[in-house]
Amino acid sequence: MALEFFVDKNAAKVEGLFQLYKHSFFLLPAPKNNRTFVPSFKRPILTVEQAFFFDMDGTLFNSMPNHARAWEIVAARYGLRFPQLTCYRQEGRTGMDILHQLFREQDASEQTNCLNALTHEQREQLLWQIYEEKSRLFHEMGEPEPIAGVAELLLYLQQRGDTQLWIVTGSAQQSLFDRLAIAFSGIFARERMITALDIEHGKPAPDPYLAAWKRSGLNKEQCFVVENAPLGVRSAKAAGLCCYAVNTGPLPDDDLLREGADQVFSTMNDLLHFLKIKIL
Ligand code: MG
């Protein structure tokens, strides 16, 4: 069928097919008999395995409002300022990274002096204590709900059959991993999770996404990140991966675009619609 027909009738799908063809060009063997490869419009043409790396907080679960409130409250107990909007800007860092940075940046007189007087081990112990206090408060705030539309997106990707689904998170909270098993039963295997416990340098360093990519066994062109936070986008792009951002929080889209997001969506449904056009 003439390509022009599709250009006129459905430019978006043709754009998606061109993208696919571009990917397929590198991943599929050269066509035999010198024939030009023409994608079929009757059946999916994507024959290569892919991987989607999902961030967790703010991407799978609407957990960020509680995280931001818990951080603000507990930080204040230790003389530190950590407004909720700042928390959204720091999202993606591990809890210990956040605490190290807070104490380093803020001259919280008494607390800093107190911290400086401690040995390295004592200091780390205190920071873990604060982190656990924050985790406890977060837990007491109740179970976060899944982000609207994410279950449909995961189901769609899972049903394709040739798509690896991973979680790449700076979180190390057991409660959320338990919640994963309930909210997204049968979707994520434990061996396809990169958490704060698996890597030395968390987001925005590229390490978490690089670790997922290496373990996937795929080429980078076959891997896609789904993120909601600017520092998560920075991590994904530093790892050299395509990153789709879904802006589920209060920050402007520009914060995500500035970090290099390949596309920013307002909802998971918008991303699902885009992927259906892009990968059929
Ligand atoms: Mg997030």
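Colleague: Let's start with R93: in which loop does R93 lie, and is R93 buried or exposed?

Modeller: Happy to, and please keep in mind that this is a predicted model. R93 sits in the loop that runs between α4 (84-90) and α5. The cut-off for burial is 20 or more other C-beta atoms within 10 Å. R93 has 23 C-beta neighbours inside 10 Å, so R93 counts as buried.

Colleague: Which residues is R93 in contact with, leaving aside neighbours within four places in sequence, and what separates the C-alpha atoms of R93 and T169?

Modeller: Leaving aside neighbours within four places in sequence, R93 is in contact with I98, G170, G202, K203 and L231. T169 is 76 residues apart from R93 along the chain. The separation of their C-alpha atoms is 8.9 Å.

Colleague: K203 came up there; what kind of peptide bond joins K203 and P204, and what is omega?

Modeller: P204 has its place in the loop between β3 (193-194) and α10 (207-216). Omega for the bond joining K203 and P204 is about 15°. The bond is a cis peptide bond.

Colleague: On to the helices: at what angle do α5 and α7 pack, and what does that make α5 relative to α7?

Modeller: Helix α5 (residues 95-105) and helix α7 (residues 120-140) have their axes 10 Å apart, and the angle is about 120°. Angles of 65 to 115 degrees would count as roughly perpendicular, and over 145 as roughly antiparallel. That angle therefore makes α5 oblique to α7.

Colleague: Which residues meet in the contact of α5 with α7, and how do they divide by class?

Modeller: From α5 come G95, M96, L99 and H100, which meet L127, I130, Y131 and K134 of α7. By class, this contact of α5 with α7 has 5 nonpolar, 2 polar and 1 charged residues.

Colleague: What about α3 and α7: what is the angle, and in which hand does α3 pass α7?

Modeller: Helix α3 (residues 64-77) packs with α7 at about 135°, their axes being 9 Å apart. The two helices are therefore oblique to each other. As for the hand, α3 passes α7 in a crossing that is right-handed.

Colleague: And which residues meet there, and how do they divide by class?

Modeller: On the α3 side, N66, H67, A70, W71, I73 and V74 take part, meeting I130, E133, K134, L137 and F138 in α7. The contact of α3 with α7 divides into 7 nonpolar, 2 polar and 2 charged residues.

Colleague: In the largest nonpolar core, which residues touch the most other members?

Modeller: That core has 43 residues. Y244 touches F224, V225, V226, D262, Q263, F265 and L271, not counting residues up to four places away in sequence. Another core, of 17 residues, lies apart from it and includes A70, V74, Y88 and I130. In the largest core, those touching the most other members are F53, Y209, V225 and Y244.

Note on methods: Residues are numbered from 1 along each chain as its sequence is written. This is a predicted model: local features need pLDDT of at least 70, side-chain atom pairs count only at pLDDT 80 or more; totals for chains, interfaces and linings use all residues. Axes are lines fitted to C-alpha atoms, for helices over the stretch in contact, and angles run from 0 to 180 degrees between N-to-C directions. Helices (H or I, at least four residues) and strands (E, at least two) are DSSP runs, numbered from the N terminus. Angles under 35 degrees count as roughly parallel, over 145 as roughly antiparallel, 65 to 115 as roughly perpendicular and the rest as oblique. Two residues are in contact if their C-beta atoms, placed from the backbone, lie within 7 Å. Ala, Val, Leu, Ile, Met, Phe, Trp, Tyr, Cys and Pro count as nonpolar, Asp, Glu, Lys and Arg as charged, and the others, Gly among them, as polar. A nonpolar core is a set of buried Ala, Val, Leu, Ile, Met, Phe, Trp, Tyr and Cys residues joined through C-beta atoms within 7 Å. A residue is buried if 20 or more other C-beta atoms lie within 10 Å of its own, exposed if 12 or fewer, and partly exposed in between; C-beta atoms are placed from the backbone. A crossing is left-handed if the near helix is turned anticlockwise from the far one by less than a right angle, and right-handed if clockwise.
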